[in-house]
Amino acid sequence: MTISFTVNGVAHKVSEQLDMPLLWYLRDHIDLKGTKFGCGIGQCGACTVHMDGHAIRSCSITLNLLDGKEIKTIEGLSDKVEQAVQAAWKKIDVPQCGYCQSGQIMAASALLRQNPKPTDEDINNAMTNICRCGTYVRIRRAIHEASDLAYEAS
């Protein structure tokens with residue numbers, strides 16, 4: 001069995017090790033190190049990427065489930081919403097240790113694509129990623145800032 005999928009717009013075909021979690025394919029096979037390993041059981045969100053535009057935990061999905069899917073990692077962020085999230089993260093100075101931040105940015109980008117003007121409650125419900133440094137207040141502020149940056153002028 002061979003499966004085909006894209007990562008940041010680049011086509012990939014895989015026929016071996018189909019039970020491998022996507023996270024390890026990204027990091028060890030195609031050298032995309034921005035996606036982090038956290039808990040390994042899909043709880044912390046450090047490994048969050050987009051699959052067909054939705055935030056998923058790459059440590060908990062295996063390659064055999066990716067046939068025909070579009071995967072986007074932190075290295076592939078490029079559209080208006082994604083750039084607004086990155087700019088807001090920098091403006092608000094969100095990261096402390098920074099380890100979870102690629103997953104947080106991926107989750108925030110997916111949230112803003114589905115809900116351009118989220119309330120605090122929407123953000124609290126959608127952002128299930130864990131930050132050991134406790135930057136949750138700054139993350140929430142950055143999501144509101146990114147919403148303004150991405151959608152105010154449109």
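## Reading the loops, sheet and helices

Colleague: Where is the place of Asp-31?

Modeller: Asp-31 is in the loop between H1 and E3. Those labels are DSSP runs numbered from the N terminus: helices are H or I with at least four residues, strands are E with at least two. Before we go on, this is a predicted model, in which local features need pLDDT of at least 70 and side-chain atom pairs count only at pLDDT 80 or more, while totals for chains, interfaces and linings use all residues. Residues are numbered from 1 along each chain as its sequence is written, and side-chain values use heavy atoms, leaving out hydrogens and water.

Colleague: What is the phi of Asp-31?

Modeller: Start with the general idea: most residues other than glycine have a negative phi. Here, Asp-31 has a positive phi of about 60 degrees, although it is not a glycine. Asp-52 is another case, with phi near 50 degrees, and its place is in the loop between E3 and E4.

Colleague: Is Asp-31 buried or exposed?

Modeller: Asp-31 counts as exposed, at 54% relative accessibility. The scale goes like this: buried is under 20% relative accessible area, exposed is over 50%, and partly exposed is in between, using a 1.4 Å probe and protein chains only. Asp-52, at 39%, counts as partly exposed.

Colleague: On to the sheet. What is the order of the five strands?

Modeller: In general, strands of a sheet pair through backbone hydrogen bonds, either parallel or antiparallel. In this model, the open sheet runs E2-E1-E5-E3-E4, with mixed pairing. Two strands pair if DSSP finds at least two bridges between them.

Colleague: Which strands stand at the edges?

Modeller: Strand E2 (10–14) and strand E4 (54–57) do, and each has a single partner strand, so one side of each is left without a neighbour in the sheet. From one strand to the next, the twist averages 35 degrees.

Colleague: How many bridges join E1 to E2?

Modeller: Five, and the two strands run antiparallel. To find one of the pairs, look at Phe-5, whose bridge partner in E2 is His-12. The two strands form a hairpin with two residues between them, and Asn-8 in the turn has a positive phi of about 55 degrees. On the other hand, E1 (residues 3–7) pairs in the parallel sense with E5 (residues 70–72), over two bridges. There, Thr-6 stands opposite Glu-70 in E5.

Colleague: What do the buried residues of H1 pack against?

Modeller: They pack against E1, E2, strand E3 (48–51), E4 and E5. The residues in question are Leu-22, Leu-23, Tyr-25, Leu-26 and Arg-27, which are buried in helix H1 (residues 22–29).

Colleague: Now helix pairs. How do the axes of H2 and H3 cross?

Modeller: Two packed helices are described by the angle between their axes and the distance between the axes. For H2 (residues 80–92) and H3 (residues 101–114), the axes come within 9 Å and cross at roughly 130 degrees. That makes H2 oblique to H3. Axes are lines fitted to C-alpha atoms, for helices over the stretch in contact, and angles run from 0 to 180 degrees between N-to-C directions. Under 35 degrees counts as roughly parallel, over 145 as roughly antiparallel, 65 to 115 as roughly perpendicular, and the rest as oblique.

Colleague: Which residues in H2 meet H3?

Modeller: Among them are Val-81, Val-85 and Trp-89 in H2, while the H3 side includes Gln-104, Ile-105 and Leu-112. Contact means heavy atoms within 4.5 Å. Leaving aside neighbours within four places in sequence, Ser-109 is in contact with His-50, Leu-77, Val-81, Glu-82 and Val-85.

Colleague: And how do the axes of H2 and H5 cross?

Modeller: The axes of H2 and H5 (residues 136–151) come within 8 Å and cross at roughly 135 degrees. H2 and H5 are therefore oblique to each other. The contact includes Ala-84, Ala-88 and Ile-92 of H2, with Ile-139, Ala-142 and Leu-149 among those of H5.
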